[in-house]
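This briefing covers charged side chains and their partners. Please look at the sequence and the structure first; the notes follow below them.

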Amino acid sequence: MQSTSNQAMVSPVITTKQRATSTAPKYIPYHLGNFKQIPAVRQYLSPQQIVDIEVVGRVFPFRLNNYVAEQLIDWRKAADDPIFNLTIPVRGMLNEAHYERIAGLLRAGASEQEIKQAADAIRLELDPHPAGQLQHNRPCLNGELLEGVQHKYRETVLFFPSPGQTCHAYCTYCFRWAQFVGMHGLKIAMKEADRLWQYLQTQPQVTDVLFTGGDPMTMRATVLRRYVEPLLRSELGHVQNIRIGTKSLSYWPYRFVNDADSDEVLQLFRKVVQSGKHLAVMAHFTHPHEMNTPTVARAIENIRATGAEIRTQSPIVANINDDAEVWARMWREQVRLGMIPYYMFIARNTGAQHHFAVPLERAWRIFKRAYRQVSGLARSVRGPVMSCHPGKVQVLGVKKVGDEKVFVLRALQARQPERVHQPFFARYDPEAVWFDQLSPADEESAAFFQQ
Ligand SMILES: *Cc1c(COP(=O)(O)O)cnc(C)c1O
Ligand code: SF4
């Protein structure tokens, strides 16, 4: 059960010697086929809630593990618990027609293949690849399209190592959900670290490489090392910063404490830092409850002891964290634990967005109320931000200019560097939840909206 106390605060740094004698619990994956074996499911969920999981879990990726089930979710609150809503598919994620289509097939005892076909068809209706993720931003090397690499912003290359395209548990709101459900041709991946290395040699302006997924920290240390170590060679002196995007601190913090290869992971981090590069763990935390266990506190200490920094980011999502007090608590707790708040994102326009979407104006109001409550150390956070076609667009506010109400926006990142930090305006729309619903409020702003 989830702890509300601050026991995390007093947990000691675990030494290598202690680590050797205390091993992580065995990782038990739960999914559609076995989730009813979680004792709390039988104890606390209604038969209807179980059916809902069976129906909605056919369309959206569904996976959790014993750490999430036993230490994060408060099953007594079930559908009112943020971590339940973060990891367990619920009815509201599908519209009535889609829900009925799958529920009907299950009731009729349809074949696995029929159900799968229906689920695939529904997924295609839910825009599995927003913002042209697969088509755009893919660079070439020697005239050949590079798999698993996105290069959108001048300084930063995104890399998707193919063995890291899964997660220790899946978030219900995940915008990469299409990658996990085994649909042909949708996986963005790259087998060869060597090709990344070659590409980076041709790009002297690149300072940052960001490993992403899925969750790269699902990879074994020996595999991760194969990707990271080549970046330390002298040919890539211009690559100063290595970032690893991960939700492992939330979903399996043992990764950095007492998994079989935790020492090797921490050793690799130390090696990166000692080579003179900056290593940033970009930690995905959705809710302060994810920071309550002694294991996560220890994991944070162990990572920081290597010299790596931890920066935090999350989308703002309805039914999970659309509350200013929750964000303020989360940022304060992150700073206290030695982490640096970085981004509050707007949930992307994909999947169950109708269930998770927070209108832009409301997201801005929540951000503002939370930001006002925290000290400058937590105000390193920027948001709310949409990662969309023109770049990373921050909603700075709603303002009346003359007679017209507008959204004041700015690009924190843009494909064209000259657009960064340039304010621009969109017509006010109280219901808008994403950039593609906005239109320019003046002539000067129009350039930001051109595809
Ligand atoms: C967010 C993002 C980055 C990193 O941007 P920073 O503002 O440097 O954190 C890089 N590439 C893509 C495609 C991104 O979406
Ligand atoms: S951790 Fe990230 S990639 Fe993995 S399921 Fe959650 S949102 Fe998706």
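A salt bridge is a side-chain nitrogen of Lys or Arg within 4 Å of a carboxyl oxygen of Asp or Glu. The structure is a predicted model, in which local features need pLDDT of at least 70, side-chain atom pairs count only at pLDDT 80 or more, and totals for chains, interfaces and linings use all residues. Residues are numbered from 1 along each chain as its sequence is written, and side-chain values use heavy atoms, with hydrogens and water left out. The structure holds 23 salt bridges.

**A salt bridge within a helix**

- The side chains of K116 and D120 form a salt bridge, with an N to O distance of 3.1 Å.
- Both residues belong to helix α7 (residues 112–125), and because they are four residues apart there, about one helical turn separates them. Helices (H or I, at least four residues) and strands (E, at least two) are DSSP runs, numbered from the N terminus.
- D120 is buried, at 17% relative accessible area, while K116 is partly exposed, at 45%. Buried means under 20% relative accessible area, exposed over 50%, and partly exposed in between, using a 1.4 Å probe and protein chains only.

**A salt bridge between loops**

- R220 pairs with D261 in a salt bridge whose closest N and O atoms are 3.5 Å apart.
- R220 sits in the loop between β7 (208–211) and α9 (221–228), and D261 in the loop between α10 (248–251) and α11 (262–274), so the pair ties together parts that are 41 residues apart in sequence.
- R220 is partly exposed, with a relative accessible area of 42%, whereas D261 is buried, at 7%.

**A salt bridge between strands**

- E404 and R427 form a salt bridge, and their closest N and O atoms lie 3.6 Å apart.
- This pair links distant parts of the chain, with R427 in strand β15 (residues 423–427) and E404 in strand β14 (residues 404–414), 23 residues apart.
- R427 is partly exposed at 43% relative accessibility, and E404 is partly exposed at 31%.

**A network**

- R220, R255, D259 and D261 are joined into one network by salt bridges that share partners.

**A polar contact**

- E333 is in helix α13 (residues 324–336), and E333 is buried, at 13% relative accessibility.
- The side chains of E333 and R336 make a polar contact at 2.7 Å. A polar contact is a pair of N or O atoms within 3.5 Å; within protein, one must be able to donate a hydrogen and the other to accept it, and residues adjacent in sequence count only if both atoms are side-chain atoms.

How values were computed:
Chains are lettered from A and ligands numbered from 1 in the order in which they are written.
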